[in-house]
Amino acid sequence: MLEWLLGDDVGMARIQQHFSQMIEDGRHVFDAACNTVLGGTDPGVVREDLHKTDQRINRLEQQIRRELVVHMTVREKAEIGTCLKFMSLVKDAERIGDYGKNIFDMGQECRDFVGDPMSADLIAVKDHVSRMLAKMRNLFESQSTEQARRFVDEAHAILRHCDERVSELVRDASLSRRPVVAALLYRYVKRVMAHAMNIVTSILVPLDKLDYLDEDDGDRV
Amino acid sequence: MSAAGSPGTGRTVHPGVRLTLLLVLLYGFLVAIGLMDGAFKLLGEEHAGGLFQGVTNPFAGLAVGILATVLVQSSSVTTSTIVALCGSGQLQLELAVPMIMGANIGTTVTNTLVSVGSVRRSVEFRRAFACATVHDVFNFCSVAVLLPLELATGYLRHTAVWLADHLHHLGSGGGTFNSPIKVAVKAGSKAITGVLGGLGLEGGYLAAALLVLAIALIFACLMLITKNMRVLLVARIEAAMNEVLGRSGLLAIAVGIAITVAVQSSSITTSLLVPLCAAGVLRLENAYPITLGANIGTTVTAILASLAAEGSTGLAIALVHLLFNVSGTLLFFPIPALRRIPIRSARRLAVLAVENKFVLVAYLSAIFVLLPILGILVFR
């Protein structure tokens, strides 16, 4: 009776649940979009699903923001820092879905990229990023700092790899239109990874250093 | 950021302990009403009447209600005092009705002051001020329609008396049954009066001491009840607010009633809406019914206070408070054209306040201070 009267204390848990759903949806958009460019999936088959998932991501972002405002208004002792972190991280999670959409748009335009010699490396990178997106969700829930550091190191390696490949393609004058596709793909995949990394760095750095792991003095971690 | 590790839930004290404390505070509140009742009786008709001398005019009564509530920053304290006065027979029901209406207006100053917090950010302030003043405008509209109607027909008073008599009769089963609450409250107030009497206080001094003690006790109990209930029910309140965002209508009214009854303060409910509107997550159209719910919910304090008052007059004035707010809601909510009056007026007022900050200062000082003082001076 008493428990019923008081209700479940789900304030932040509900927000975290919605955030996890955003990450899950972002990964889904990323995978499905990459498959249209690299795996030959017919864009028409996934278009509606991607559109709906992207809309859900946007709705979740807005819902989380509203819930955060309510949480901070209602609670006299609201976890202000945590709320502000979420306010920033939902943007990263939303951007992952956005880049996935950009990849899908490219997949619609460049149906002939499937089987390109450059696609082998891109598929490997894409699979790696997709696995890391799944890992990110679990990591965010467990808040393990040790695993977060390993994640960030791994993410840095992928970012470097994407940068190197873009530089190589830009310098290679012998190539035609397809390098543009590959360069953009590397660019988008890199951004997806970078946003995922931003989310994970929130486990490691204080609020003011969100997105700036390299600049962190380490004292406050 | 794990949910399991979320701090700040505010439940460091066991809920069972808080609930027990709540019952003690509720008892303290009722004893305070009993003490006030006793104080007024001791003062006698001559002196107690003196407190309200000149308040025979309904407009003066309205002004007194506004000013008293602004001064104590709590309509619950004002309405409880009015219930005690009516219960002790020192204030006529007819004169108390406009005071109750005034208390309804006066209580809106709190959330209006809350909205001033965002005065430097014009967009936020416009939304916040509109959210706060929609409560004011609704109350002005209700008073503008219902006070003349009440003066002409006495419909609030007659309905409340009829209801109170029936409820009183029902409670006593038509016999001489003494409610256990009243017995317990009487025992408490008698004990305290006995202690003060034992200190050598008597007559007017004893009455004054009882009155001061009663007011202090009402303040303390209501404040602690509000604080405790807010901590106890924070999860429910948060869930309800999340549920009601973007919704309008009966659910929003129900949420407004439920939160206000739970925390025993309409100011808490309406003040929660101000930052939500300022941030733009709650639209004025959705905040309005929650405000109406808060207006209805706050009447439960006077009803609770009437449990400690003698006879049925205390209950009757508490029911006037309830009927007034229900009537206002029925007038200015279901019909879209009438519903738009408070909403549009509040929006317009907010735009004016943003354009010229003098409007804000003039509004606050005129409505809540100068006009009530002028009303008392002119109509007494």
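Residues are numbered from 1 along each chain as its sequence is written, and chains are lettered from A in the order in which they are written. Since this is a predicted model, local features need pLDDT of at least 70 and side-chain atom pairs count only at pLDDT 80 or more, while totals for chains, interfaces and linings use all residues; side-chain values use heavy atoms, with hydrogens and water left out.

## The two chains

Let's begin with the overall make-up.

The table sets the chains side by side. In it, "buried" means under 20% relative accessible area (exposed is over 50%, partly exposed lies in between, with a 1.4 Å probe and protein chains only). Accessible areas come from the Shrake-Rupley method with a 1.4 Å probe, and for residues only the protein chains shown count as cover. A contact means heavy atoms within 4.5 Å.

| Chain | Residues | Buried | Accessible surface | Carbon and sulfur part of surface |
|---|---|---|---|---|
| Chain A | 221 residues | 50% | about 10,400 Å² | 48% |
| Chain B | 380 residues | 53% | about 15,800 Å² | 68% |

What about contacts between residues with a separation of 6 or more? In chain A, 82% of them join residues 24 or more positions apart. For chain B the figure is 81%.

## A helix in chain A

Helix α6 of chain A covers residues 145–171. Buried residues in α6(A) include A148(A), F151(A), V152(A), I158(A), C162(A) and R165(A). Part of their cover comes from α5 (119–142) and α7 (178–204) of chain A.

## A cavity between the chains

Searching the whole structure turns up one cavity of 30 Å³ or more. A cavity, on a 1 Å grid over the protein atoms alone, is a set of points where a 1.4 Å probe fits but cannot get out, and lining residues have an atom within 4 Å of a point. Grid points are joined across faces, edges and corners, and a volume is the space filled by probe spheres set on the points. The largest cavity has a volume of about 40 Å³.

Which residues line it? From chain A come V10(A), G11(A) and R14(A), and from chain B come A235(B), E238(B), A239(B) and N242(B). Helix α10 (234–244) of chain B and α2 (11–39) of chain A each supply at least two lining residues, and α10(B) gives the largest share, four residues. Sorted by class, the lining has three nonpolar, two polar and two charged residues (Ala, Val, Leu, Ile, Met, Phe, Trp, Tyr, Cys and Pro count as nonpolar, Asp, Glu, Lys and Arg as charged, and the others, Gly among them, as polar).

## Two loop glutamines in chain B

Q73(B) sits in the loop between α2 (58–72) and α3 (75–87) of chain B. Its phi is near 55 degrees, a positive value in a residue other than glycine. Q264(B), in the loop between α11 (250–263) and α12 (266–278) of chain B, also isn't a glycine and has a positive phi of about 60 degrees. Are these glutamines buried or partly exposed? Q73(B) is partly exposed at 38% relative accessible area, whereas Q264(B) is buried at 8%.

T79(B) belongs to helix α3 of chain B and is buried, with a relative accessible area of 0%. Leaving out residues up to four places away in sequence, T79(B) touches I100(B), A103(B), A302(B) and H321(B).

V369(B) lies in helix α17 (residues 357–379) of chain B and is partly exposed at 36%. V369(B) and V70(B) are 299 residues apart in sequence, yet their C-alpha atoms are 8.0 Å apart in space.

I181(B) is in helix α8 (residues 180–198) of chain B, and is partly exposed with a relative accessible area of 36%. Beyond its neighbours within four places in sequence, I181(B) is in contact with L30(B) and L307(B). I181(B) and L30(B) are 151 residues apart in sequence and 8.8 Å apart from C-alpha to C-alpha.

Conventions: The expected span of a helix is 1.5 Å times one less than its number of residues. On a 1 Å grid over the protein atoms alone, a cavity is a set of points where a 1.4 Å probe fits but cannot get out, and a pocket is an open set with protein on both sides within 12 Å along at least five of seven lines; lining residues have an atom within 4 Å of a point.
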